[in-house]
Amino acid sequence: MIDFLTNLPPVVLGLLKGLAVICVIFPIAGACSMAERKVSAWLQGRYGPNRVIVPWFAWMPFVGRGLQRLGVFNLLADGGKLLFKQDPLPGHVNKFYFMIAPAVAIIPAFTTVVVVPFGAYFDQAGQVVPLMLANVDVGLLAVFAIASLGIYSMILAGWASNSKYSFLGSVRASAQLVSYELSLTLSVLPVFLWVNAPGTVGSLSLARVVEFQSQPGFWGGTWFIFLMPVSAFVFLVALFAETNRLPFDMIESEADLVGGFHTEYGSFKWSLFFVAEYAHMTVGSGVFVLLFFGGWNPLPWLPIGTLFGWLGLVQSAGHVSYAIAIAQGVLSIAIFLAKVLFMIFFFMWVRWTVPRFRYDQVMRIGWRRLLPLALVNVVVYALLIAVIQK
Amino acid sequence: MTQLQPMAEFPFYFFAFLTVLAAAGVVVNRNAVNAALCLLLSFMGMAALFVLLEAYFLAVLQVLVYAGAVAVLFLFVIMLFDVKGGDPRKPYQKVAAVSGLLALALLITGVLSLAKHSQLTAAAPVTTTVVGSDLKDYGYLLFTKYLLPVEMTGFLLLIAMLGVAMLGRKQGKETGASIQEAGGGRPETGGRRLETGDRRDSLSESRVP
């Protein structure tokens, strides 16, 4: 089985890997919309969706009821509803751009996954092999570049809808995204200054940042959130703005703009926007976890290699065991996913805790607070790193 | 990599044609939004060509800076200030003629020099061998050997921006005022201006059966 897989032509293998990753990301993005409803209900002291149940599960004694209360099946009901609903196409829209906007939203959202590592295993020589679709050198820059293309969907959707609410939403969104991109990019600079010490080969690979955080010793094992809290804070705030999450919900602003850029959308096209938003959130959380939360390392100062050692998951010399490699991969992916899911929960937590900013406040925070903070942060860390690594 | 692999030839022609056709679309299109999106397509094709040349860093920068920010700003300005395509006035005919002649001369010179000097006498030396070392070299060269060209290019962009600001001012004080208002963070300005130009046209068109 393994030999058959490794002997496939690279194009087919790449396609299979890509499909596998999409098969995980798409349901996560979908399930997030359900989780959002449930989490918001808990935070507000409501029950949330707790009615839908599939007949076979209703006959199970305790499990079925529990799942029903958790609202698990609402995801299926919601998806079915959105798929089979009438798909309205208003008469006053620019049809071509109106139709392609949801596709433009979802393509960059899923393309960013390609360069994000999500797990690792050790090969025979004890080297870490990251699990990712493409281990390219430009890693994080590629994520930023592709993710920044998602804005076209909002601009096109708002403009093609030919309605003031949509248009205002997309104008605000494009101003917001362009403003916060600067802080987002600047905030990760200290991390890569620190990782790319003099004498090493320069790289922007995310897998390398994780490797750096799993070195032995006190400083080696410190996650970057402890070393660079300001960077992490700026990155997180900019990430909220870039993913259009509350409190930076300019694009939707349902209090004053009906539904913002997707006012005229309905049915499955509407839901594609949401899957794209949650996919952006998932990938953004993943990048945050990799940069600042140690990636797939279970705890600070506890690299995953040590954990594998405790569990006996070590490749013995002279014999390659696929079972051990797979177990290592699955365990690291599980740890990474758990952190990502916590980050997504954090996104929702903030959404239902902090009220939305006004448009002028968003601009002021972005340009007058966050950007200077990011600049000062870069300069201070550049000086510090120059002194330490000299 | 001195010559293209047979496998790499089809993507090269595909993206080369895409880039050139989209660039032509920018010039030909009368609708400003279509033109801006053609520009975006052209940028993307260019990035794909960089990828085929294994210049991944350049490709990513091309997408990040041009497709992700510059084209967004173009679209933003076009939509916010409702730039109409196909302006009937031709205010700068002499300037247009002179610049057109200059552009033609530049194009001819470019094609001639390409025809004369495009053949490399020897294979290009491989400057970067280690994967990843190119990033550092790139930054180093940019700040030492090529510092002057970089600054010059930046200056050129500044001049272009000033030129646009000046040309924009000529149309009357009303436009300048609305630019300032919109910059001050009052999106309502954009909403009021929606009723003019293209968007009204498309509205009235849609009412005609």
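**Close-up views of a predicted complex**

Residues are numbered from 1 along each chain as its sequence is written, and chains are lettered from A in the order in which they are written.

**View 1. Confidence along chain B.** Helices here are DSSP runs (H or I, at least four residues), numbered from the N terminus. Residues 174–209 of chain B have pLDDT below 50, and this stretch makes 39 contacts beyond near neighbours in sequence. Two residues are in contact if their C-beta atoms, placed from the backbone, lie within 7 Å. Where pLDDT is low, the predicted coordinates should not be read in detail.

**View 2. Helices α13 and α14 of chain A.** The axes (lines fitted to C-alpha atoms over the stretch in contact, with angles from 0 to 180 degrees between N-to-C directions) of α13(A), residues 229–242, and α14(A) come within 11 Å and cross at roughly 175°. The two helices are therefore roughly antiparallel (over 145 degrees). Residues of α13(A) in this contact include F235(A) and L239(A), and those of α14(A) include G284(A) and F288(A).

**View 3. Helix α16 of chain A.** Helix α16(A), residues 322–351, has 30 residues and reaches 43 Å from its first C-alpha to its last. Its buried residues (20 or more other C-beta atoms within 10 Å of their own) include L331(A), I335(A) and F347(A). Among the elements covering the buried residues of α16(A) are α2 (10–43) and α14 (267–292) of chain A.

Notes: This is a predicted model: local features need pLDDT of at least 70, side-chain atom pairs count only at pLDDT 80 or more; totals for chains, interfaces and linings use all residues. The expected span of a helix is 1.5 Å times one less than its number of residues. A residue is buried if 20 or more other C-beta atoms lie within 10 Å of its own, exposed if 12 or fewer, and partly exposed in between; C-beta atoms are placed from the backbone. pLDDT is the predictor's confidence in each residue, from 0 to 100. Angles under 35 degrees count as roughly parallel, over 145 as roughly antiparallel, 65 to 115 as roughly perpendicular and the rest as oblique.
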